[in-house]
Amino acid sequence: MIVDPETNEPLPTGEAGMILIGGCQVMKGYLKDEDRTKSVIVQKDGIRYYRTGDKGYLDEDGFLTIVDRYSRFAKLGGEMISLGAVEKKIHDTPVLQGCDYVVTANSDATKGEKIVLLYQGEKDPKDVLSELRASGMPPLMLPSAAFNVEVMPKLGSGKADFVTAKKMAKELVEKKQMKSLTSVRTARLVASLIAILGMFCFAVERALTKVCLMAKDGVQMGLNRYSNSFTGRFAAENFSDDKKLLDVLRQAKDLLPAADNALLVLFILSIVLFIIAAFGLAFPKQFCHMLVATKLLKWQDGIVLQD
């Protein structure tokens, strides 16, 4: 009998579903494991059926075709994708010709599950994924991640060990996510330091601006005293200390425009630093790649390190 894997309701001829086997050969259940027994034994019309875990269908002549194991299916956004069919599609391309590989599924927050490819070979995983996309494989069958492994999981019979492959894929995906998180944390840390530097530059610019304003007022008052009053002009003409002070005031007046320009540059620098920091905090991955490209940071085993 072919039934819906979720509801155990019979399916029409030609439609693939869970294969149930009924008859006197069906076991009573697992010893001292009632929960496991309930998960595989189904009672329908007084007959005990065993849920095989295989997906298949019956044709009009009553012949049974087994498609694959349900454990070898990935549910992507509501679509059931046969991992065996994915392996066949990869086999039909020259991408991993001569290489040993296995396809498994891993949980995904967006689609429910995603397809993961494990293989042995010399090709880089990015090149493998790129070539598979270019090969014309159906988009739903394209692996979301690929990993080059040293040893393929095998059973004693030499066949692929799907259970171990699934565990291996989960560990590799989690490790990759941790590396990604490490780069994001590094980018955000650098962006935060840049923001602090921007705040420091802005604070210095504000403080120096007040000092310059006070200096301008002092210089102008001094020059007015020596140029607009009789006693000031007399002192500047007859006393050496007043002559020196007048020269200093005139030099300070000449330097004030340069000081204004320096403060403007410092203000612009602080704004630029704020913009860079904001970009780094908003888009940490892109910011991280920019830092690596400019050689301010470097990669080591997938982790960003400071030079």
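1. Setting aside neighbours within four places in sequence, the residues in contact with N8 (heavy atoms within 4.5 Å) are V3, V42, K44 and R51. With R51 the side chain of N8 also makes a polar contact of 2.5 Å, a term that stands for a pair of N or O atoms within 3.5 Å, where within protein one atom must be able to donate a hydrogen and the other to accept it, and where residues adjacent in sequence count only if both atoms are side-chain atoms. N8 is placed in the loop between β1 (2-3) and β2 (17-22), helices (H or I, at least four residues) and strands (E, at least two) being DSSP runs numbered from the N terminus. N8 counts as buried because its relative accessibility is 18%, given that buried means under 20% relative accessible area, exposed over 50%, and partly exposed in between (1.4 Å probe, protein chains only).

2. This is a predicted model, in which local features need pLDDT of at least 70 and side-chain atom pairs count only at pLDDT 80 or more, while totals for chains, interfaces and linings use all residues. Residues are numbered from 1 along each chain as its sequence is written, and side-chain values use heavy atoms, with hydrogens and water left out.

3. The whole structure holds eight salt bridges, each a side-chain nitrogen of Lys or Arg within 4 Å of a carboxyl oxygen of Asp or Glu. One of them joins the side chains of K38 and E34 at 3.4 Å, N to O; both residues belong to helix α1 (residues 34-40), where they are four residues apart, about one turn of the helix, and both are exposed.

4. Another salt bridge, at 3.0 Å from N to O, pairs the side chains of D100 and K154. D100 sits in the loop between α2 (83-91) and β8 (101-108), and K154 in the loop between β10 (145-148) and α4 (162-228), so this pair ties together parts that are 54 residues apart in sequence. D100 is partly exposed at 28% relative accessible area, and K154 is likewise partly exposed, at 41%.

5. In the salt bridge between the side chains of R206 and E205 (2.8 Å, N to O), R206 is partly exposed at 41% relative accessibility, whereas E205 is buried, with a relative accessible area of 4%.

6. The search of the whole structure finds zero disulfides, that is, pairs of cysteine sulfur atoms within 2.5 Å. For C212, which is buried at 14% relative accessible area, the closest cysteine sulfur is that of C201, 16 Å away and therefore too far for a bond. C99, by contrast, is partly exposed, with a relative accessible area of 27%.
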